[in-house]
Amino acid sequence: MSEVLLTVDDLRVTFPTRTGEIEAVRGVSFTLGRERLGIVGESGSGKSQTGRAIMGLTPRHAKITAKTLNFAGRDLLKISDKERRDIRGKRIGMVLQDPKYSLNPVMTIGRQIIETLRTHERVSTSEAKARTLAMLEAVQIRDPERVFSLYPHEVSGGMGQRVMIAMMLICGPELLIADEPTSALDVTVQLEVLGILDKLVAERGMGLIFVSHDLRLVSSFCDRVLVMYAGRVVEELPSADLSKAQHPYTQGLLNCLPVIGSDRHPLPVLDRQKEWAL
Amino acid sequence: MSAPPLQIGDNLKPYSRDWLLSEQPTSRHQARLGRAYVIWRRFSANRLALAGLGIIVLLVLVAIFADVLAPHNPVQGDLMNARLLAPGTSGYLLGTDDQGRDILSRLIHGSRLTLFVVVLVAIIAAPVGLIIGTVSGYAGGWVDAVLMRITDIFLAFPKLVLALALVAALGPGIENAVLAIAVTSWPPYARIARAETMTFRNSEFISAVKLMGASPFRIVFRHVMPLCLSSLIVRVTLDMAGIILTAAGLGFLGLGAQPPLPEWGAMIASGRRFILDQWWVAAMPGAAILIVSLGFNLLGDGLRDALDPKEAGQ
Amino acid sequence: MTLTDTTAVTRRTRRRASSFGMAVVRFVVTVVTTFLGLLAVTFFIGRVVPIDPALAIVGDRAPAHVVERVREELGLNLPLYQQFWIYIKQALSGDFGTSVLTTNPVMADIARVFPATIELATIGTIIGALIGVPLGVLAAVKRGSFADQIVRVIGLIGYSVPIFWLGLLALVLFYAKLNWVAYPGRIDIVYEYTFTPVTGFYLLDAIWQAQWDVALDLFRHIILPGGLLGYFSLAYISRMTRSFMLNELQQEYVVAARAKGLSETRIIWFHALRNAAVPLVTVIALSYAGLLEGSVLTETIFSWPGLGLYITNSLQNADMNAVLGGTIVIGAVFITINILSDLLYRTLDPRTKSR
């Protein structure tokens with residue numbers, strides 16, 4: 001681990017509801033350099049909220065606290081809204097789950113990508129367009145000119161997710177948070193999109209936080225894995241050492257993975273125990 | 001403490017709060033009451049909705065006890081001593097009109113006419129819309145196509161103008177006004193009932209009833225219609241305000257209730273001549289219309305939010 | 001290879017063409033049946049509901065020979081379906097009979113008064129949209145706040161108040177007491193003879209002819225009824241805008257736009273509102289159509305010489321031809337606006353365009 005990009009210490013995200021407060025994230029800590037970190041957990045484990053809290057995209061009524069939430073020397077909890085916006089899209093990008101919903105349906109793809117660029121950099125119209133086309137090419141879109149003027153509904157899911165990646169990487173951020181970026185895609189397309197993501201992250205030397213429910217995918221793609229359960233990190237380990245996982249929950253997740261050629265009867269059921277959530 | 005001879009479910013006192021909110025109701029009766037209680041809790045948490053309910057309850061009470069409440073005769077005035085008295089004159093809280101009639105008494109008696117119109121329109125239009133909508137939605141095919149085309153034609157009509165033309169042909173009068181408003185009110189109900197019917201037309205429980213040999217008639221009337229009721233009630237309540245306003249508009253144009261009936265819209269029309277100097281003659285009935293239709297709107301909003309929390313958000 | 005390719009393409013094109021053709025056919029059928037339905041309903045009201053339609057048209061004070069002539073003109077001795085056929089033919093050629101009150105053809109009367117109504121409804125809609133949309137956006141963004149409550153109350157009162165009553169009170173306050181606006185009517189009597197309107201839309205004419213004093217006078221006449229209709233349209237538009245915006249602000253693309261580093265202002269007014277605008281166009285069109293109807297009562301209060309006043313005057317004089325003619329025209333405009341808003345919706349939403 002070279003320089004430290006992001007330091008998270010004791011991050012908590014609390015939602016007030018009518019029946020009392022709900023802590024979605026309860027004391028998550030980790031540091032991240034220019035590496036790939038996977039965050040795995042079942043739905044409701046707080047993995048997505050962790051990513052969103054770093055971006056400052058938690059709903060307004062929620063409460064975020066942390067001992068440290070530091071990105072490249074800046075305290076993310078103390079900076080103004082303006083500084084926050086300057087970081088978003090420019091220094092931290094975020095890819096959301098389903099391009100069907102995360103792209104604005106009434107704007108052309110080209111305009112949406114250009115919008116990111118021109119929010120953060122003063123560039124001429126022609127340069128903006130040229131860079132957008134180059135970016136579309138970088139996410140391996142064969143006919144960038146055509147895709148540039150299409151609307152999101154006119155492209156496939158895989159293509160849409162590439163557009164989303166292009167939109168978030170055009171300003172060259174140092175960190176990318178990918179929130180279940182392939183869960184909404186067909187299995188065959190998943191690998192393509194992951195390949196593109198992999199290549200770009202490697203080429204540009206970015207840090208990556210890869211949020212997913214798919215332990216196998218994360219372990220094959222990331223350097224390190226955080227396993228979350230009920231708002232807490234229950235285990236942190238290098239992907240290579242996954243088989244040595246200590247925590248019963250992680251072992252349970254691993255056991256759920258089917259192995260080709262073996263008979264799985266009865267199907268294993270994930271064991272959840274109340275004391276893990278404490 | 002001696003245990004009661006018959007234990008209900010998980011030892012809850014019948015009709016207590018916990019009994020109503022029980023996750024495992026032991027009887028249909030308990031489940032139904034529990035659901036009603038949950039809806040009531042959501043409804044009563046909304047202060048504006050409660051205010052709306054209060055206004056409507058008050059309106060009904062005033063209409064029932066009009067004879068007792070009204071201090072003066074609503075039709076016969078004191079032409080000699082009490083013409084166009086200002087509000088607050090002794091004995092005339094809201095003043096008097098050009099014929100020496102107490103405005104408050106007229107408003108109190110007018111509440112009966114307002115309720116009459118609203119209830120009658122609802123009784124005529126809602127069942128018509130419900131039947132057309134459920135039949136259309138359940139039958140599908142050309143029946144649906146024809147019925148919905150007719151509905152759309154009526155929906156395409158501007159309501160007030162159609163009502164005006166109808167009353168013009170039928171002749172002025174409160175019964176004809178009711179009829180005209182009812183004719184213009186049913187199409188949205190048919191649309192709602194049809195949409196609701198479509199959502200569960202192919203559901204398992206309808207198939208089950210069908211397998212048991214129920215006739216289409218029975219399915220529509222016994223199984224489909226009750227399920228459409230809650231959204232229909234919300235819509236009807238929300239429409240009440242519009243009905244009151246249309247009725248008042250017809251009355252104002254002299255096409256609704258005829259003098260000397262104390263209809264609020266007609267009262268505004270007769271007060272129009274004195275609006276510059278005796279503003280209260282026209283202002284008071286208008287305020288009554290505003291309050292009552294506001295009450296229906298608040299009640300309708302509250303009902304919608306309570307019955308359909310998805311829509312309400314928060 | 002190429003052969004199969006081309007056949008596939010032609011097949012696809014043909015299928016697309018036929019589905020497009022089907023859509024057009026369906027559209028035409030809808031429009032035609034709706035207009036036929038409109039005529040059928042007015043025919044029913046005019047010929048079937050009254051005991052003696054001829055009497056209903058000329059009024060019961062008319063001399064016997066007039067009644068007889070009208071009965072013959074209407075073909076009341078013919079079977080009903082033939083009468084309807086004649087009625088449709090006449091309506092399509094713009095013949096709604098003669099007004100008993102003005103003795104002009106009803107169509108000529110309507111052509112004369114309708115621009116005044118259009119002018120009033122347009123002003124009302126402009127006011128309603130210009131204020132209602134921002135209010136709705138504000139309420140959605142600051143949901144649950146004091147501002148949201150205020151917008152809600154403004155809307156609720158707009159839904160609940162009798163328009164003619166509010167108009168009367170406004171006249172008392174702004175004309176009689178404060179003298180800020182002109183008396184009921186459309187134009188001051190002084191200008192009635194010096195000003196020659198060309199299009200029937202007086203405000204536009206006055207501005208076009210650079211007659212500023214006339215324009216000011218017209219403005220002082222239209223502002224109160226126009227503002228009143230604007231309030232009604234505002235109540236509806238702000239409420240719908242709020243609900244559309246709440247829906248849009250929950251969408252994932254808003255999160256994505258924030259992740260891009262856009263300002264809230266841009267996200268709200270550009271991204272979310274642009275999406276909400278798609279259904280909003282329909283709402284604004286519907287409110288415009290609603291104002292044409294609302295003008296009936298408003299024009300009566302403000303002596304505004306438009307179609308609404310024409311209809312109520314005719315009602316008062318039992319002039320059935322004029323009433324039904326006015327009903328048909330308002331109904332037809334209503335339907336047309338509905339159709340246009342539907343078409344506009346399609347052009348605004350890229351998703352409804354086929355590739």
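Predicted model: local features only at pLDDT ≥ 70, side-chain atom pairs only at ≥ 80, totals over all residues.
How many cavities of 30 Å³ or more does a search of the whole structure find? The search finds 6.

1. The largest cavity holds about 110 Å³ of space. It is lined by 15 residues, and those closest to its centre are B:V117, B:I244, B:A247, B:A248 and B:E263.

2. Three helices of chain B, α5 (103–139), α8 (174–201) and α10 (216–252), each give two or more residues to the lining of the largest cavity. The most comes from α10(B), with 5 residues. By class, the lining of this cavity has 11 nonpolar, 3 polar and 1 charged residues.

3. The second largest cavity has a volume of about 40 Å³. Its lining consists of B:D97, B:I103, B:R106, B:M267, B:S270 and B:V281. The elements giving two or more of these residues are α5 and α11 (264–271) of chain B. The lining divides into 3 nonpolar, 1 polar and 2 charged residues.

4. The second largest pocket has a volume of about 1400 Å³. Of its 37 lining residues, A:T58, A:P59, A:R60, A:H61 and C:R258 are the closest to the centre.

5. Elements from chains A and C contribute two or more residues each to the lining of the second largest pocket. From chain A these are α1 (47–55) and α2 (81–87); from chain C they are α5 (106–141), α10 (212–249), α11 (252–259) and α12 (264–302). The largest share, 4 residues, belongs to α11(C).

6. The lining of the second largest pocket is made up of 17 nonpolar, 9 polar and 11 charged residues.

Definitions and conventions
Residues numbered from 1 in each chain as written. Chains lettered and ligands numbered in written order. Heavy atoms only, no water. 1 Å grid on protein atoms, 1.4 Å probe; cavity = no way out; pocket = protein on both sides within 12 Å on 5 of 7 lines; lining within 4 Å. Points joined across faces, edges and corners; volume = space filled by probe spheres on them. Nonpolar A, V, L, I, M, F, W, Y, C, P; charged D, E, K, R; others polar.
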